[in-house]
Amino acid sequence: MDVPAEPGDLVEVRTERGRPLGLAFFSSTSQITLRMLGEGPRDEKVLLGDRLRAALAYRETLAPDGNAYRLVSAEADGLPALIVDRYADYLVVQTLCQGIDRRLDLVVELLAEAVSPRGILVRNDAKIRRLEDLPEVVEVVAGEVPDLVDVREGEVVHQVDVRRGQKTGLFLDQRENHLAAGRYARGRALDAFSYNGGFGLQMARRCESVLSIDGSELAVAAVAENARRNGLTNIEARLANVFDELRELEIAKERFDTIVLDPPAFAKNKATLGKALGGYKEINLRALKLLKPGGILITCSCSYHVNEALFQDMLLHAAIDAHAPVALVEKRLQARDHPVLLGVPETAYLKCFVLRRV
Ligand SMILES: C[S@@+](CC[C@H](N)C(=O)[O-])C[C@H]1O[C@@H](n2cnc3c(N)ncnc32)[C@H](O)[C@@H]1O
């Protein structure tokens with residue numbers, strides 16, 4: 001006899017005809033009622049342990065150039081709504097649906113066993129938890145975790161505020177793109193929407209100078225501090241609204257050899273797509289006007305709703321309006337520790353195009 005599911009239950013999903021489709025976490029409040037785990041053992045410790053070990057083994061094959069990266073990327077690792085990020089010897093965990101949240105203790109036990117971190121911090125202050133009727137919590141659940149953790153990305157050292165930083169502290173999904181930008185960068189560079197300087201610090205190692213802009217005081221202070229600690233004296237960290245600042249730079253007839261645009265997700269849902277595309281076009285158009293002929297624009301969007309085709313079309317129209325023909329040099333995605341699950345299109349969200357002004 002079927003019994004009603006409780007919030008966060010691990011349930012068996014079947015078709016109307018009774019054919020089994022696999023296991024899923026049930027949510028009593030979210031529009032995403034079922035988060036599929038697929039086929040696997042009913043023993044939760046065995047199921048989650050197997051998935052976790054497979055996720056860790058995959059990260060080892062990537063041999064990341066640094067010690068901050070994603071160990072578990074939710075659905076793409078068969079562990080719905082579970083995020084585990086490694087920052088040197090510490091782990092930061094997010095449990096973003098009722099099912100995985102209910103099993104947080106088990107997840108912590110398995111992580112402690114498999115990774116032996118010095119501490120585990122739960123960063124469950126993501127707004128998305130409200131949709132699951134889950135409270136906002138930030139707490140250390142194992143060992144000790146300092147406020148600031150030093151990590152390495154390529155040759156650059158970042159000081160990460162794991163408790164207060166955006167996401168879990170860094171934009172780890174851009175890790176490989178930061179390093180790629182370092183390879184493309186030259187001359188005078190602009191890092192717009194810099195956050196803590198993920199792109200800017202890599203570029204400063206190759207460039208004459210970097211102007212880094214962000215609207216967050218914490219982020220701008222972090223860029224300045226990170227520059228100092230890395231011995232980089234050619235970065236100016238400016239607190240400003242990028243939309244206004246790009247206009248000011250254009251009026252002042254400033255020009256750059258390399259520009260990075262990495263805005264927040266302008267399209268949070270389908271309803272705001274039109275407005276979001278307008279925002280993306282505005283910043284890209286202005287950036288192209290600021291770019292010297294032969295210069296490189298590294299332009300990103302982390303809006304899932306702006307798919308690759310829409311993004312490319314927007315860039316074409318920005319280039320036409322800026323009277324700045326561009327060639328597409330490279331299309332990049334989120335870092336490989338944030339893999340895309342083909343059956344779940346939402347896991348493909350980050351676009352990072354490298355363009356050259358012809
Ligand atoms: C996607 S994050 C940038 C991540 C960063 N490029 C990295 O790779 O680490 C977007 C950043 O834009 C900033 N931001 C959002 N709106 C802004 C605006 N209108 N002007 C300036 N900064 C803005 C946020 O503070 C945030 O740091």
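This is a predicted model: local features need pLDDT of at least 70, side-chain atom pairs count only at pLDDT 80 or more; totals for chains, interfaces and linings use all residues.

Q: Which helices each supply at least two residues of the shell around the ligand?

A: That's α5 (198–204) and α7 (242–251). The shell holds 20 residues, and those that come nearest are F193, Y195, G198, G215 and D262.

Q: How do the shell residues divide into nonpolar, polar and charged?

A: There are 10 nonpolar, eight polar and two charged ones.

Q: Now the strand. Why is β14 described as largely enclosed by the rest of the structure?

A: A residue is called buried when 20 or more other C-beta atoms lie within 10 Å of its own. In β14 (residues 256–261), five of the six residues are buried, so the strand is largely enclosed. Across the whole protein, 44% of the 358 residues count as buried.

Q: Which strands are joined to β14 by bridges?

A: On one count, β11 (residues 188–192) runs parallel to β14 through four bridges, with D191 partnered by V260. Then β15 (residues 291–301) is also parallel to β14, with five bridges, and there V260 pairs with I298.

Q: What handedness does the β-α-β unit have?

A: It's right-handed: β14, then helix α8 (residues 273–290), then β15.

Definitions and conventions. Residues are numbered from 1 along each chain as its sequence is written. A residue is buried if 20 or more other C-beta atoms lie within 10 Å of its own, exposed if 12 or fewer, and partly exposed in between; C-beta atoms are placed from the backbone. A residue is near a molecule or strand if its C-beta atom, placed from the backbone, lies within 6 Å of it. Ala, Val, Leu, Ile, Met, Phe, Trp, Tyr, Cys and Pro count as nonpolar, Asp, Glu, Lys and Arg as charged, and the others, Gly among them, as polar. Two strands pair if DSSP finds at least two bridges between them. A crossover is right-handed if, with the strands pointing away from the viewer, the path from the first strand over the helix to the second runs clockwise.
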